[in-house]
Amino acid sequence: RVVAAMHGDAATERGGGGTVVLWADRSTRFLGTISARGGAQGGQGGFVETSGKQFLVADGRVDTRAARGPVGSWLLDPDEIVIAGGAGASNDNALGDDQILFSDGSGTFTVSEATIESATSHVILQARRSISVSGTFDHASGNPGDNGFESVACLCLPPGVAMVLVTQNLAADGAGGIDLTTSTHGNTLMLGVSGPGASIVL
């Protein structure tokens, strides 16, 4: 259990942020703050991982910004991840302008469409068993720069943000993998980007 502040910021004015990893064989409970920022005059944001082999609680704050370089990444890898349409998923926490905040208290990590679409760090969702979607995705309400996605159900990333979805299935895990057809939209849910520099990797 970690409740303190941890810093992996660049050591110089021009340098990349460092790497901070919290990992446990059983349970990880991250309730503090982690900063892995790039240098004020140059350098990219750092890398943060909060992982629990069996159970993950990530109710802390992560900052991987870079003043004059690309933002860094935050990796979360519980057993199962659900991306829920709309806002206010059961495991969402507050989302600040400079931080992505997730929380998990049940073994299945649920994060909302709105949280991902407001991200200011690259988002890496890595689950041992499965990644799926649920509910109704309401990005069709229309936001500036939607690039043609205004009238369709879409999980749409903001400019400059990358999202990576990864599962690692073992024979003992049974069914799993990435399934993006489990929301109310079935196989019509789209993944999209709303500006330059954004990308999605499955």
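Where in the structure is the place of S199? S199 sits in strand β17, which covers residues 199–201. Strands here (E, at least two residues) and helices (H or I, at least four residues) are DSSP runs, numbered from the N terminus. Before going on, a word on what you are looking at: this is a predicted model, in which local features need pLDDT of at least 70 and side-chain atom pairs count only at pLDDT 80 or more, while totals for chains, interfaces and linings use all residues. Residues are numbered from 1 along each chain as its sequence is written, and side-chain values use heavy atoms, with hydrogens and water left out.

Back to S199. At 31% relative accessibility, S199 counts as partly exposed, because that label covers the range between buried (under 20% relative accessible area) and exposed (over 50%), worked out with a 1.4 Å probe on protein chains only. Setting aside neighbours within four places in sequence, S199 is in contact with L157, V161, A162, M163 and V193; contact means heavy atoms within 4.5 Å. S199 and H122 are 77 residues apart along the chain, and their C-alpha atoms are separated by 9.5 Å.

Now let's step back to the whole chain. The protein chain has one helix and 17 strands. Of its 202 residues, 48% count as buried. Take the contacts between residues at least 6 apart in sequence: 74% of them join residues at least 24 apart. The accessible surface comes to about 9100 Å², and 49% of that belongs to carbon and sulfur atoms; such areas come from the Shrake-Rupley method with a 1.4 Å probe, and for residues only the protein chains shown count as cover.

Next, the sheets. Three strands form an open sheet with parallel pairing, in the order β1-β4-β7. Two strands pair if DSSP finds at least two bridges between them. The edges of this sheet are β1 (5–7) and β7 (61–63), each of which pairs on one side only. On average, neighbouring strands in this sheet are turned by 10° against each other, direction ignored; the axes are lines fitted to C-alpha atoms (for helices, over the stretch in contact), and angles run from 0 to 180 degrees between N-to-C directions. Look at β1 and β4 (residues 33–35) and you'll find three bridges in the parallel sense. In β4, T33 is the bridge partner of A5.

Another open sheet has four strands in the order β10-β9-β12-β15, again with parallel pairing. Its edge strands are β10 and β15 (177–179), each pairing on one side only. Here neighbouring strands are turned by 20° against each other on average, direction ignored. Five bridges join β9 and β10 in the parallel sense, and the bridge partner of E80 in β10 is T108.

Strand β8 (residues 73–76) deserves a look of its own. In a regular strand the side chains alternate between the two faces of the sheet. In β8, S73 and L75 point one way and W74 and L76 the other way, and all are buried. β8 pairs with β11 (residues 122–127) over four bridges in the parallel sense, with W74 standing opposite V123. L75 also turns up among the contacts of E49: leaving out residues up to four places away in sequence, E49 touches V20, V21, L22, W23, L75 and D77. E49 lies in strand β5 (residues 47–52) and counts as buried, at 14% relative accessibility.

What about the inside? The largest nonpolar core has 30 residues, and those with the most contacts inside it are I34, V48, I83, I116, L125 and M163. Such a core is a set of buried Ala, Val, Leu, Ile, Met, Phe, Trp, Tyr and Cys residues joined through side-chain atoms within 4.5 Å. Among the elements that give two or more residues to this core are β2 (19–24), β8, β13 (154–157) and β14 (162–167). The largest share, three residues, comes from β11.

A disulfide is a pair of cysteine sulfur atoms within 2.5 Å, and the structure holds zero of them. C154 counts as buried at 0% relative accessibility, and C156 counts as buried at 2%.
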